[in-house]
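Please open the model in your viewer and keep a selection tool at hand. The tour below moves from ring to ring.

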Amino acid sequence: MSDLTALSLAAARDGLRAKRFSALELNEASITAVAAAKPLNCFITETPDHARRAARVADERLGRGEARPLEGIPLGIKDLYCTLGVQTTAASRILQGFEPPYESTVSANLWRDGATMLGKLNLDEFAMGSSNETSFFGPVVSPWRRREGDELSEAAIVPGGSSGGSAAAVAARLCFGATATDTGGSIRQPAAFTGTVGIKPTYGRCSRWGIVAFASSLDQAGPIARDVRDCAILLRSMAGHDPKDTTSVDLPVPDYEAAVGASMKGRVIGIPSEYRMDGMSAEVEALWERGIAWMRDAGADIREISLPHTRYALAAYYIVAPAEASSNLARYDGVRYGLRVPARDVVDMYEETRAAGFGREVRRRIMVGTYVLSAGYYDAYYVRAQKIRTLIKRDFENAFAAGVDAILTPATPTAAFAAGEKGSGDPIEMYLNDVFTVTVNMAGLPGIAVPAGVSANGLPLGLQLIGRAFDEATLFTAAAAIEAAAPKVELPARWW
Amino acid sequence: MSVDQATVRRIARLARIRVRDDEVAGLQGELNAILSFVERLGEVDVDGIEPMTAVTPRPMTPRRDVVDDGGIASAVTANAPATEDHFFTVPKVIE
(Lines give C-alpha, C1' and ligand atoms only; values in the text may rest on other atoms or scores of the structure.)
Protein backbone atom coordinates (compact mmCIF):
# COMPACT_ATOMS: atom_id res chain seq x y z
CA MET A 1 0.00 0.00 0.00
CA SER A 2 3.06 2.25 0.06
CA ASP A 3 2.15 3.90 -3.24
CA LEU A 4 -1.23 5.17 -2.02
CA THR A 5 0.33 8.61 -1.59
CA ALA A 6 1.11 8.76 -5.32
CA LEU A 7 -2.59 8.61 -6.27
CA SER A 8 -4.35 11.71 -7.46
CA LEU A 9 -7.05 13.06 -5.15
CA ALA A 10 -9.70 11.87 -7.62
CA ALA A 11 -8.18 8.37 -7.76
CA ALA A 12 -7.96 8.22 -3.94
CA ARG A 13 -11.60 9.27 -3.72
CA ASP A 14 -12.67 6.64 -6.24
CA GLY A 15 -10.51 3.97 -4.57
CA LEU A 16 -12.12 4.66 -1.20
CA ARG A 17 -15.60 4.35 -2.67
CA ALA A 18 -14.65 1.10 -4.43
CA LYS A 19 -13.32 -0.20 -1.04
CA ARG A 20 -9.88 -0.89 -2.52
CA PHE A 21 -8.40 0.58 0.68
CA SER A 22 -9.79 2.21 3.79
CA ALA A 23 -9.66 5.86 4.80
CA LEU A 24 -7.54 4.86 7.78
CA GLU A 25 -5.03 3.10 5.48
CA LEU A 26 -4.94 6.13 3.20
CA ASN A 27 -4.42 8.51 6.12
CA GLU A 28 -1.74 6.31 7.72
CA ALA A 29 0.15 6.36 4.41
CA SER A 30 0.04 10.16 4.37
CA ILE A 31 0.93 10.45 8.08
CA THR A 32 3.99 8.25 7.45
CA ALA A 33 4.98 10.35 4.43
CA VAL A 34 4.65 13.57 6.45
CA ALA A 35 6.72 12.17 9.33
CA ALA A 36 9.46 11.11 6.91
CA ALA A 37 9.66 14.52 5.20
CA LYS A 38 11.12 16.65 8.00
CA PRO A 39 14.02 17.86 5.79
CA LEU A 40 11.48 19.70 3.62
CA ASN A 41 10.05 21.56 6.64
CA CYS A 42 6.62 21.74 5.00
CA PHE A 43 4.63 21.55 8.23
CA ILE A 44 4.68 23.89 11.21
CA THR A 45 2.28 21.65 13.16
CA GLU A 46 1.43 18.02 12.39
CA THR A 47 -1.99 16.74 13.44
CA PRO A 48 -1.94 12.95 12.86
CA ASP A 49 -4.57 12.34 15.53
CA HIS A 50 -6.94 14.76 13.86
CA ALA A 51 -6.49 12.82 10.60
CA ARG A 52 -7.00 9.43 12.26
CA ARG A 53 -10.16 10.55 14.07
CA ALA A 54 -11.67 11.93 10.87
CA ALA A 55 -10.57 8.81 8.94
CA ARG A 56 -12.49 6.55 11.34
CA VAL A 57 -15.61 8.63 10.80
CA ALA A 58 -14.97 8.49 7.06
CA ASP A 59 -14.70 4.69 7.07
CA GLU A 60 -18.04 4.43 8.87
CA ARG A 61 -19.71 6.67 6.32
CA LEU A 62 -18.08 4.90 3.39
CA GLY A 63 -19.30 1.61 4.88
CA ARG A 64 -22.85 2.95 5.02
CA GLY A 65 -22.58 4.28 1.46
CA GLU A 66 -22.91 7.85 2.69
CA ALA A 67 -19.64 9.28 1.44
CA ARG A 68 -19.38 13.05 1.25
CA PRO A 69 -17.46 14.71 -1.65
CA LEU A 70 -14.03 14.56 0.08
CA GLU A 71 -14.70 11.66 2.42
CA GLY A 72 -11.46 10.47 4.03
CA ILE A 73 -9.10 12.56 1.84
CA PRO A 74 -6.00 13.79 3.75
CA LEU A 75 -5.24 17.49 3.20
CA GLY A 76 -2.74 20.05 4.46
CA ILE A 77 -3.95 23.45 5.66
CA LYS A 78 -1.84 26.57 5.18
CA ASP A 79 -1.05 27.92 8.64
CA LEU A 80 -2.83 31.15 7.76
CA TYR A 81 -6.22 29.45 8.19
CA CYS A 82 -7.50 29.43 11.75
CA THR A 83 -8.21 25.90 12.95
CA LEU A 84 -10.20 25.27 16.10
CA GLY A 85 -7.88 24.40 19.00
CA VAL A 86 -4.89 23.81 16.68
CA GLN A 87 -1.99 26.28 16.76
CA THR A 88 -2.24 28.88 13.97
CA THR A 89 0.86 31.05 13.53
CA ALA A 90 0.90 32.74 10.10
CA ALA A 91 4.56 31.60 10.33
CA SER A 92 5.18 34.49 12.69
CA ARG A 93 6.76 34.58 16.11
CA ILE A 94 4.07 37.06 17.12
CA LEU A 95 1.36 34.35 16.85
CA GLN A 96 3.37 31.43 18.21
CA GLY A 97 1.13 29.37 20.48
CA PHE A 98 -2.11 30.99 19.26
CA GLU A 99 -4.92 28.42 19.36
CA PRO A 100 -8.02 29.84 17.69
CA PRO A 101 -11.32 29.20 19.46
CA TYR A 102 -12.96 29.05 16.01
CA GLU A 103 -12.52 27.45 12.58
CA SER A 104 -12.08 29.37 9.31
CA THR A 105 -15.07 29.05 6.97
CA VAL A 106 -13.06 27.50 4.13
CA SER A 107 -11.47 24.80 6.31
CA ALA A 108 -14.87 24.16 7.94
CA ASN A 109 -16.29 23.63 4.43
CA LEU A 110 -13.60 20.99 3.78
CA TRP A 111 -14.40 19.15 7.06
CA ARG A 112 -18.12 19.39 6.23
CA ASP A 113 -17.31 17.52 3.01
CA GLY A 114 -15.37 14.79 4.85
CA ALA A 115 -11.70 15.77 4.35
CA THR A 116 -9.12 15.03 7.05
CA MET A 117 -6.31 17.31 8.31
CA LEU A 118 -2.66 16.19 8.35
CA GLY A 119 -1.39 19.45 9.77
CA LYS A 120 -0.66 23.13 9.31
CA LEU A 121 1.60 24.08 6.43
CA ASN A 122 4.56 26.43 6.51
CA LEU A 123 4.45 29.74 4.59
CA ASP A 124 6.21 33.06 4.33
CA GLU A 125 5.55 35.10 7.47
CA PHE A 126 2.05 36.61 7.14
CA ALA A 127 2.15 35.40 3.52
CA MET A 128 4.73 38.06 2.65
CA GLY A 129 7.34 36.52 0.40
CA SER A 130 7.94 34.64 -2.83
CA SER A 131 10.36 31.93 -1.68
CA ASN A 132 9.14 30.73 1.73
CA GLU A 133 12.35 32.02 3.28
CA THR A 134 10.71 34.53 5.65
CA SER A 135 8.97 31.99 7.94
CA PHE A 136 9.87 32.24 11.64
CA PHE A 137 9.77 28.43 11.59
CA GLY A 138 12.51 28.18 8.96
CA PRO A 139 12.45 27.95 5.17
CA VAL A 140 10.60 25.27 3.23
CA VAL A 141 12.80 23.18 0.93
CA SER A 142 11.38 22.18 -2.44
CA PRO A 143 11.35 18.45 -3.28
CA TRP A 144 12.78 19.56 -6.64
CA ARG A 145 16.54 19.67 -7.27
CA ARG A 146 18.17 21.26 -10.25
CA ARG A 147 20.50 19.56 -12.66
CA GLU A 148 24.07 20.78 -12.91
CA GLY A 149 25.76 18.95 -15.76
CA ASP A 150 24.68 15.33 -15.49
CA GLU A 151 23.99 15.40 -11.76
CA LEU A 152 21.30 16.69 -9.44
CA SER A 153 22.72 19.44 -7.25
CA GLU A 154 22.14 19.20 -3.51
CA ALA A 155 21.56 22.96 -3.27
CA ALA A 156 18.20 23.63 -1.59
CA ILE A 157 15.69 24.98 -4.11
CA VAL A 158 12.92 27.30 -2.93
CA PRO A 159 9.31 26.15 -3.42
CA GLY A 160 8.12 29.71 -4.07
CA GLY A 161 5.85 31.61 -1.76
CA SER A 162 3.99 32.46 0.15
CA SER A 163 2.18 29.10 -0.04
CA GLY A 164 5.52 27.25 -0.22
CA GLY A 165 4.63 24.60 2.35
CA SER A 166 1.37 23.88 0.51
CA ALA A 167 3.07 23.53 -2.89
CA ALA A 168 6.05 21.51 -1.62
CA ALA A 169 3.83 19.14 0.40
CA VAL A 170 1.60 18.48 -2.61
CA ALA A 171 4.59 17.99 -4.97
CA ALA A 172 6.26 15.65 -2.44
CA ARG A 173 3.02 13.62 -2.21
CA LEU A 174 2.66 14.27 1.52
CA CYS A 175 -1.00 15.20 1.03
CA PHE A 176 -3.58 14.97 -1.75
CA GLY A 177 -4.17 18.68 -1.86
CA ALA A 178 -3.65 21.76 0.26
CA THR A 179 -5.29 25.05 1.00
CA ALA A 180 -3.34 28.16 0.06
CA THR A 181 -3.93 31.89 -0.25
CA ASP A 182 -2.99 34.37 -2.94
CA THR A 183 -2.53 38.13 -2.46
CA GLY A 184 -0.12 38.83 -5.33
CA GLY A 185 0.71 35.36 -6.67
CA SER A 186 1.10 33.25 -3.53
CA ILE A 187 -0.84 30.29 -4.93
CA ARG A 188 0.20 30.45 -8.60
CA GLN A 189 3.94 31.17 -8.24
CA PRO A 190 4.65 28.27 -5.82
CA ALA A 191 2.46 25.98 -7.94
CA ALA A 192 4.55 26.94 -11.00
CA PHE A 193 7.81 26.41 -9.05
CA THR A 194 6.81 22.91 -7.91
CA GLY A 195 5.03 21.42 -10.94
CA THR A 196 1.62 21.54 -9.26
CA VAL A 197 -1.69 23.20 -10.14
CA GLY A 198 -2.96 26.18 -8.17
CA ILE A 199 -5.96 28.41 -8.70
CA LYS A 200 -6.64 31.83 -7.24
CA PRO A 201 -10.41 32.16 -7.53
CA THR A 202 -12.26 35.39 -8.21
CA TYR A 203 -12.21 37.80 -5.27
CA GLY A 204 -15.35 36.94 -3.28
CA ARG A 205 -15.58 33.30 -4.42
CA CYS A 206 -14.18 31.93 -1.14
CA SER A 207 -14.82 33.34 2.30
CA ARG A 208 -11.89 35.11 3.93
CA TRP A 209 -13.42 34.66 7.38
CA GLY A 210 -10.97 33.07 9.80
CA ILE A 211 -7.98 33.47 7.47
CA VAL A 212 -5.27 35.71 8.93
CA ALA A 213 -5.55 38.94 6.92
CA PHE A 214 -2.65 40.36 4.90
CA ALA A 215 -4.21 42.75 2.34
CA SER A 216 -7.97 42.39 2.56
CA SER A 217 -8.89 43.75 -0.89
CA LEU A 218 -6.46 41.32 -2.57
CA ASP A 219 -6.41 38.17 -0.39
CA GLN A 220 -8.23 35.13 -1.73
CA ALA A 221 -8.22 31.47 -0.68
CA GLY A 222 -7.70 28.66 -3.16
CA PRO A 223 -6.33 25.12 -3.52
CA ILE A 224 -3.05 23.62 -4.73
CA ALA A 225 -3.19 20.04 -6.01
CA ARG A 226 -1.37 17.66 -8.32
CA ASP A 227 -3.64 18.07 -11.33
CA VAL A 228 -6.39 20.25 -12.73
CA ARG A 229 -9.21 17.87 -11.81
CA ASP A 230 -8.05 17.67 -8.18
CA CYS A 231 -7.98 21.47 -7.99
CA ALA A 232 -11.51 21.62 -9.39
CA ILE A 233 -12.76 19.10 -6.81
CA LEU A 234 -11.20 21.06 -3.94
CA LEU A 235 -12.40 24.48 -5.07
CA ARG A 236 -15.99 23.28 -5.26
CA SER A 237 -15.85 22.35 -1.57
CA MET A 238 -13.92 25.47 -0.47
CA ALA A 239 -16.05 28.04 -2.32
CA GLY A 240 -19.42 29.48 -1.41
CA HIS A 241 -21.19 32.38 0.18
CA ASP A 242 -20.51 33.17 3.83
CA PRO A 243 -22.53 35.82 5.67
CA LYS A 244 -19.51 36.32 7.96
CA ASP A 245 -17.49 37.79 5.06
CA THR A 246 -19.37 40.71 3.51
CA THR A 247 -17.14 40.53 0.41
CA SER A 248 -18.03 36.89 -0.23
CA VAL A 249 -20.45 36.64 -3.11
CA ASP A 250 -23.81 34.88 -3.07
CA LEU A 251 -23.54 33.03 -6.39
CA PRO A 252 -24.05 29.32 -7.03
CA VAL A 253 -20.85 27.26 -7.06
CA PRO A 254 -20.70 25.22 -10.27
CA ASP A 255 -19.51 21.62 -10.49
CA TYR A 256 -16.00 22.57 -11.58
CA GLU A 257 -14.99 18.97 -12.16
CA ALA A 258 -17.52 18.84 -15.01
CA ALA A 259 -15.56 21.61 -16.78
CA VAL A 260 -12.42 19.44 -16.92
CA GLY A 261 -12.23 17.89 -20.38
CA ALA A 262 -14.80 20.18 -22.00
CA SER A 263 -14.03 21.37 -25.53
CA MET A 264 -11.97 24.48 -26.24
CA LYS A 265 -13.44 24.74 -29.73
CA GLY A 266 -14.31 28.31 -30.59
CA ARG A 267 -13.14 29.73 -27.26
CA VAL A 268 -11.07 32.88 -27.62
CA ILE A 269 -7.69 32.96 -25.87
CA GLY A 270 -6.06 36.39 -25.55
CA ILE A 271 -2.28 36.80 -25.67
CA PRO A 272 -1.23 40.11 -24.06
CA SER A 273 1.78 41.66 -25.78
CA GLU A 274 2.73 43.59 -22.62
CA TYR A 275 3.69 40.35 -20.87
CA ARG A 276 6.73 40.01 -23.16
CA MET A 277 8.88 41.92 -20.75
CA ASP A 278 12.51 42.37 -19.84
CA GLY A 279 13.89 39.72 -17.56
CA MET A 280 11.75 36.91 -18.97
CA SER A 281 13.98 33.93 -19.64
CA ALA A 282 14.18 32.60 -23.20
CA GLU A 283 12.86 29.22 -22.11
CA VAL A 284 9.81 30.83 -20.48
CA GLU A 285 9.14 32.69 -23.71
CA ALA A 286 9.45 29.44 -25.68
CA LEU A 287 7.10 27.72 -23.23
CA TRP A 288 4.54 30.44 -23.76
CA GLU A 289 4.76 29.92 -27.54
CA ARG A 290 4.18 26.20 -27.06
CA GLY A 291 1.18 26.97 -24.83
CA ILE A 292 -0.31 29.14 -27.58
CA ALA A 293 0.15 26.29 -30.07
CA TRP A 294 -1.52 23.79 -27.69
CA MET A 295 -4.50 26.10 -27.28
CA ARG A 296 -4.78 26.52 -31.05
CA ASP A 297 -4.53 22.73 -31.56
CA ALA A 298 -7.32 22.28 -29.00
CA GLY A 299 -9.57 24.39 -31.20
CA ALA A 300 -9.27 27.79 -29.51
CA ASP A 301 -9.05 31.04 -31.45
CA ILE A 302 -5.87 32.92 -30.56
CA ARG A 303 -6.07 36.68 -30.44
CA GLU A 304 -3.36 39.25 -29.66
CA ILE A 305 -4.63 41.67 -27.02
CA SER A 306 -3.29 44.71 -25.19
CA LEU A 307 -3.33 45.28 -21.43
CA PRO A 308 -1.53 48.64 -21.48
CA HIS A 309 -1.24 49.22 -17.72
CA THR A 310 0.45 45.89 -16.99
CA ARG A 311 3.81 47.51 -16.38
CA TYR A 312 2.41 49.56 -13.49
CA ALA A 313 0.66 46.72 -11.66
CA LEU A 314 3.53 45.55 -9.49
CA ALA A 315 4.41 49.08 -8.39
CA ALA A 316 0.78 49.86 -7.54
CA TYR A 317 0.60 46.55 -5.66
CA TYR A 318 3.60 47.53 -3.54
CA ILE A 319 1.62 50.53 -2.34
CA VAL A 320 -1.84 48.99 -1.90
CA ALA A 321 -0.74 45.71 -0.26
CA PRO A 322 1.62 47.22 2.34
CA ALA A 323 -0.96 49.93 3.13
CA GLU A 324 -3.61 47.33 3.89
CA ALA A 325 -1.08 45.17 5.72
CA SER A 326 -0.04 48.03 7.98
CA SER A 327 -3.69 48.43 9.01
CA ASN A 328 -4.43 44.72 9.37
CA LEU A 329 -1.30 43.99 11.35
CA ALA A 330 -1.99 46.81 13.81
CA ARG A 331 -3.99 44.22 15.77
CA TYR A 332 -0.79 42.48 16.92
CA ASP A 333 -0.19 44.60 19.95
CA GLY A 334 0.67 42.08 22.66
CA VAL A 335 -2.73 42.49 24.32
CA ARG A 336 -5.25 40.00 22.95
CA TYR A 337 -3.18 37.12 21.62
CA GLY A 338 0.33 36.06 20.80
CA LEU A 339 3.64 37.43 21.97
CA ARG A 340 4.02 40.16 24.60
CA VAL A 341 7.37 41.69 25.48
CA PRO A 342 6.96 43.31 28.92
CA ALA A 343 7.87 47.00 29.18
CA ARG A 344 7.39 49.98 31.48
CA ASP A 345 4.46 51.53 29.69
CA VAL A 346 1.96 50.50 27.08
CA VAL A 347 3.59 52.22 24.07
CA ASP A 348 6.96 50.65 24.89
CA MET A 349 5.19 47.32 25.22
CA TYR A 350 3.65 47.72 21.73
CA GLU A 351 6.96 48.76 20.18
CA GLU A 352 9.08 46.05 21.80
CA THR A 353 6.48 43.36 21.11
CA ARG A 354 6.17 44.26 17.43
CA ALA A 355 9.94 44.61 16.95
CA ALA A 356 10.52 41.16 18.47
CA GLY A 357 7.45 39.46 17.00
CA PHE A 358 7.63 40.52 13.35
CA GLY A 359 10.41 39.42 11.01
CA ARG A 360 12.36 41.73 8.76
CA GLU A 361 10.18 41.53 5.64
CA VAL A 362 6.99 42.09 7.62
CA ARG A 363 8.47 45.08 9.48
CA ARG A 364 9.61 46.56 6.17
CA ARG A 365 6.16 46.22 4.58
CA ILE A 366 4.36 47.64 7.60
CA MET A 367 6.68 50.64 7.44
CA VAL A 368 6.12 51.17 3.71
CA GLY A 369 2.38 50.96 4.31
CA THR A 370 2.53 53.36 7.22
CA TYR A 371 4.48 55.83 5.10
CA VAL A 372 2.18 55.76 2.05
CA LEU A 373 -0.86 56.26 4.29
CA SER A 374 0.70 59.04 6.36
CA ALA A 375 -0.41 62.67 6.22
CA GLY A 376 0.94 64.43 3.13
CA TYR A 377 1.68 61.23 1.18
CA TYR A 378 -1.73 59.58 1.07
CA ASP A 379 -2.86 61.22 -2.19
CA ALA A 380 0.50 60.97 -3.95
CA TYR A 381 0.90 57.28 -3.24
CA TYR A 382 -2.21 55.48 -2.04
CA VAL A 383 -4.94 57.31 -3.98
CA ARG A 384 -2.83 57.32 -7.16
CA ALA A 385 -2.21 53.57 -6.81
CA GLN A 386 -5.94 52.94 -6.40
CA LYS A 387 -6.64 54.99 -9.55
CA ILE A 388 -4.11 52.90 -11.45
CA ARG A 389 -5.83 49.82 -10.08
CA THR A 390 -9.03 51.06 -11.74
CA LEU A 391 -7.11 51.33 -15.04
CA ILE A 392 -5.63 47.82 -14.70
CA LYS A 393 -9.08 46.38 -14.14
CA ARG A 394 -10.44 48.36 -17.10
CA ASP A 395 -7.77 46.84 -19.38
CA PHE A 396 -9.07 43.37 -18.55
CA GLU A 397 -12.71 44.44 -18.88
CA ASN A 398 -12.01 45.77 -22.36
CA ALA A 399 -10.39 42.51 -23.42
CA PHE A 400 -13.26 40.41 -22.08
CA ALA A 401 -15.87 42.75 -23.58
CA ALA A 402 -14.21 42.22 -26.97
CA GLY A 403 -14.95 38.51 -26.71
CA VAL A 404 -11.86 37.05 -25.04
CA ASP A 405 -12.74 34.04 -22.84
CA ALA A 406 -9.38 33.63 -21.10
CA ILE A 407 -5.88 35.08 -21.26
CA LEU A 408 -2.73 32.95 -21.52
CA THR A 409 0.55 34.16 -19.99
CA PRO A 410 3.62 32.65 -18.34
CA ALA A 411 3.14 32.09 -14.59
CA THR A 412 6.60 33.33 -13.55
CA PRO A 413 9.50 35.05 -15.34
CA THR A 414 11.93 32.22 -14.43
CA ALA A 415 12.02 28.74 -12.90
CA ALA A 416 12.67 28.32 -9.17
CA PHE A 417 15.97 29.50 -7.71
CA ALA A 418 18.20 28.33 -4.89
CA ALA A 419 17.74 29.40 -1.27
CA GLY A 420 19.53 32.68 -0.53
CA GLU A 421 19.92 33.49 -4.21
CA LYS A 422 17.49 36.41 -4.47
CA GLY A 423 16.42 39.49 -2.59
CA SER A 424 19.09 39.66 0.09
CA GLY A 425 20.35 43.05 -1.05
CA ASP A 426 17.45 44.52 -2.99
CA PRO A 427 13.86 43.65 -1.99
CA ILE A 428 12.63 44.45 -5.52
CA GLU A 429 14.57 41.49 -6.96
CA MET A 430 12.29 39.14 -4.99
CA TYR A 431 9.13 41.17 -5.68
CA LEU A 432 9.63 40.74 -9.46
CA ASN A 433 8.65 37.08 -9.13
CA ASP A 434 5.04 38.24 -9.02
CA VAL A 435 5.14 40.43 -12.11
CA PHE A 436 2.80 38.14 -14.13
CA THR A 437 0.47 37.17 -11.29
CA VAL A 438 -0.12 40.42 -9.42
CA THR A 439 -2.31 42.03 -12.13
CA VAL A 440 -4.94 39.37 -11.46
CA ASN A 441 -5.21 40.27 -7.76
CA MET A 442 -5.37 43.96 -8.59
CA ALA A 443 -8.36 43.27 -10.87
CA GLY A 444 -9.99 40.67 -8.58
CA LEU A 445 -10.02 38.05 -11.36
CA PRO A 446 -9.44 34.29 -11.24
CA GLY A 447 -6.08 32.87 -12.36
CA ILE A 448 -4.75 29.34 -12.57
CA ALA A 449 -1.16 28.07 -12.87
CA VAL A 450 -0.63 24.76 -14.63
CA PRO A 451 2.65 22.88 -15.22
CA ALA A 452 3.69 22.97 -18.88
CA GLY A 453 7.32 21.92 -19.09
CA VAL A 454 10.73 21.85 -17.44
CA SER A 455 13.65 24.26 -17.64
CA ALA A 456 17.08 23.39 -19.02
CA ASN A 457 18.22 22.61 -15.47
CA GLY A 458 15.30 20.28 -14.85
CA LEU A 459 12.94 22.49 -12.84
CA PRO A 460 9.23 22.83 -13.61
CA LEU A 461 7.75 25.77 -15.51
CA GLY A 462 4.12 26.85 -15.48
CA LEU A 463 1.67 28.76 -17.61
CA GLN A 464 -1.06 31.00 -16.26
CA LEU A 465 -4.63 31.44 -17.49
CA ILE A 466 -6.65 34.46 -16.41
CA GLY A 467 -10.45 34.39 -16.61
CA ARG A 468 -13.53 36.55 -16.37
CA ALA A 469 -14.82 37.25 -12.88
CA PHE A 470 -16.56 34.14 -11.48
CA ASP A 471 -15.74 32.08 -14.56
CA GLU A 472 -13.32 29.66 -12.93
CA ALA A 473 -14.96 26.87 -14.98
CA THR A 474 -13.39 28.14 -18.23
CA LEU A 475 -9.99 28.19 -16.51
CA PHE A 476 -10.36 24.54 -15.51
CA THR A 477 -11.31 23.66 -19.10
CA ALA A 478 -8.37 25.55 -20.64
CA ALA A 479 -5.87 24.39 -18.01
CA ALA A 480 -6.96 20.79 -18.55
CA ALA A 481 -6.36 21.23 -22.29
CA ILE A 482 -2.81 22.42 -21.57
CA GLU A 483 -2.29 19.58 -19.11
CA ALA A 484 -3.39 17.09 -21.76
CA ALA A 485 -1.17 18.56 -24.48
CA ALA A 486 1.98 19.32 -22.48
CA PRO A 487 4.64 16.68 -21.84
CA LYS A 488 3.94 15.22 -18.39
CA VAL A 489 5.97 16.98 -15.67
CA GLU A 490 7.12 14.03 -13.53
CA LEU A 491 7.35 14.95 -9.85
CA PRO A 492 10.75 14.33 -8.25
CA ALA A 493 11.52 10.94 -6.72
CA ARG A 494 11.98 10.92 -2.97
CA TRP A 495 15.49 11.92 -1.75
CA TRP A 496 14.50 13.40 1.62
CA MET B 1 10.59 60.88 -3.27
CA SER B 2 12.99 59.39 -0.78
CA VAL B 3 13.13 59.22 2.99
CA ASP B 4 15.86 60.46 5.33
CA GLN B 5 16.81 58.83 8.60
CA ALA B 6 14.58 61.11 10.68
CA THR B 7 11.63 60.02 8.53
CA VAL B 8 12.52 56.36 9.02
CA ARG B 9 12.40 56.89 12.79
CA ARG B 10 9.09 58.77 12.51
CA ILE B 11 7.51 55.99 10.43
CA ALA B 12 8.72 53.37 12.88
CA ARG B 13 7.16 55.34 15.71
CA LEU B 14 3.84 55.64 13.81
CA ALA B 15 3.94 51.90 13.12
CA ARG B 16 4.75 51.17 16.78
CA ILE B 17 7.83 49.17 15.87
CA ARG B 18 11.02 49.77 17.86
CA VAL B 19 13.96 50.38 15.52
CA ARG B 20 17.48 50.22 16.90
CA ASP B 21 20.00 52.87 15.85
CA ASP B 22 22.03 50.34 13.90
CA GLU B 23 18.95 49.34 11.86
CA VAL B 24 18.04 52.81 10.60
CA ALA B 25 20.51 53.11 7.72
CA GLY B 26 19.62 49.65 6.34
CA LEU B 27 15.89 50.35 6.54
CA GLN B 28 16.38 53.70 4.86
CA GLY B 29 18.08 51.99 1.91
CA GLU B 30 15.37 49.33 1.62
CA LEU B 31 12.49 51.81 1.85
CA ASN B 32 14.12 54.07 -0.73
CA ALA B 33 14.60 51.12 -3.09
CA ILE B 34 10.87 50.42 -2.86
CA LEU B 35 9.90 54.10 -3.18
CA SER B 36 12.12 54.47 -6.23
CA PHE B 37 10.51 51.36 -7.78
CA VAL B 38 7.00 52.80 -7.33
CA GLU B 39 8.10 56.15 -8.79
CA ARG B 40 7.05 54.94 -12.27
CA LEU B 41 3.40 55.39 -11.23
CA GLY B 42 3.99 59.11 -11.73
CA GLU B 43 4.08 58.51 -15.52
CA VAL B 44 0.43 57.46 -15.66
CA ASP B 45 -2.23 59.99 -16.57
CA VAL B 46 -4.89 59.48 -13.89
CA ASP B 47 -6.94 62.62 -14.58
CA GLY B 48 -10.63 61.89 -14.16
CA ILE B 49 -10.02 58.29 -13.01
CA GLU B 50 -11.89 57.17 -9.91
CA PRO B 51 -9.78 55.36 -7.30
CA MET B 52 -10.89 51.76 -6.84
CA THR B 53 -12.90 51.20 -3.70
CA ALA B 54 -14.23 47.68 -4.34
CA VAL B 55 -12.77 45.19 -6.79
CA THR B 56 -16.08 43.32 -7.27
CA PRO B 57 -18.64 46.05 -6.70
CA ARG B 58 -21.86 44.63 -5.31
CA PRO B 59 -24.55 45.99 -3.08
CA MET B 60 -23.84 45.21 0.55
CA THR B 61 -26.41 42.92 2.11
CA PRO B 62 -27.09 44.13 5.62
CA ARG B 63 -27.46 41.36 8.18
CA ARG B 64 -30.46 41.23 10.43
CA ASP B 65 -29.98 43.57 13.37
CA VAL B 66 -30.02 40.92 16.05
CA VAL B 67 -27.59 39.59 18.63
CA ASP B 68 -26.41 36.28 17.20
CA ASP B 69 -23.25 35.64 19.16
CA GLY B 70 -21.76 36.40 22.55
CA GLY B 71 -21.37 35.08 26.06
CA ILE B 72 -17.97 33.65 25.16
CA ALA B 73 -15.64 35.84 27.23
CA SER B 74 -13.48 32.84 28.16
CA ALA B 75 -12.89 32.00 24.51
CA VAL B 76 -12.21 35.64 23.63
CA THR B 77 -9.55 36.03 26.33
CA ALA B 78 -8.14 32.49 26.17
CA ASN B 79 -5.12 33.47 24.06
CA ALA B 80 -4.25 36.72 25.83
CA PRO B 81 -0.81 36.99 27.42
CA ALA B 82 -2.33 38.58 30.56
CA THR B 83 -5.93 38.72 31.78
CA GLU B 84 -7.87 39.27 34.96
CA ASP B 85 -11.50 38.18 35.35
CA HIS B 86 -12.04 38.11 31.57
CA PHE B 87 -10.41 41.52 31.07
CA PHE B 88 -7.25 42.09 29.06
CA THR B 89 -4.56 43.69 31.20
CA VAL B 90 -1.85 46.09 30.04
CA PRO B 91 0.87 48.16 31.73
CA LYS B 92 -0.58 51.13 33.58
CA VAL B 93 -1.64 53.90 31.14
CA ILE B 94 -2.79 56.58 33.63
CA GLU B 95 -1.14 57.80 36.79
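What follows is a walk through aromatic side chains and the charges placed over them.

This is a predicted model, in which local features need pLDDT of at least 70 and side-chain atom pairs count only at pLDDT 80 or more, while totals for chains, interfaces and linings use all residues. Residues are numbered from 1 along each chain as its sequence is written, chains are lettered from A and ligands numbered from 1 in the order in which they are written, and side-chain values use heavy atoms, with hydrogens and water left out.

Rings of Phe, Tyr and Trp (its six-membered ring) pair if their centres lie within 6.5 Å, and planes under 30 degrees apart count as stacked, over 60 as edge-to-face and the rest as tilted. By this rule there are 17 aromatic pairs over all chains.

Select Tyr371(A) and Tyr381(A), a tilted pair with 5.8 Å centre to centre and 55° between the planes. Tyr371(A) lies in helix H11 (residues 360–373) and Tyr381(A) in helix H12 (residues 378–401) of chain A, helices being DSSP runs of H or I with at least four residues, numbered from the N terminus. Both Tyr371(A) and Tyr381(A) are buried (under 20% relative accessible area, with exposed over 50% and partly exposed in between, for a 1.4 Å probe and protein chains only).

Next, select Tyr378(A) and Tyr382(A), whose ring centres are 5.4 Å apart with planes at 35°, so this pair is tilted. Tyr378(A) is partly exposed at 38% relative accessible area, whereas Tyr382(A) is buried at 15%.

Then select Phe98(A), Phe126(A), Tyr332(A), Tyr337(A) and Phe358(A), which form one aromatic cluster.

Finish with Arg145(A), whose charged end sits over the ring of Trp495(A), 3.6 Å from its centre (NZ of Lys or CZ of Arg within 6 Å of the ring centre and within 35 degrees of the ring normal).

How values were computed
Helix = DSSP H or I, 4+ residues; strand = E, 2+ residues; numbered from the N terminus.
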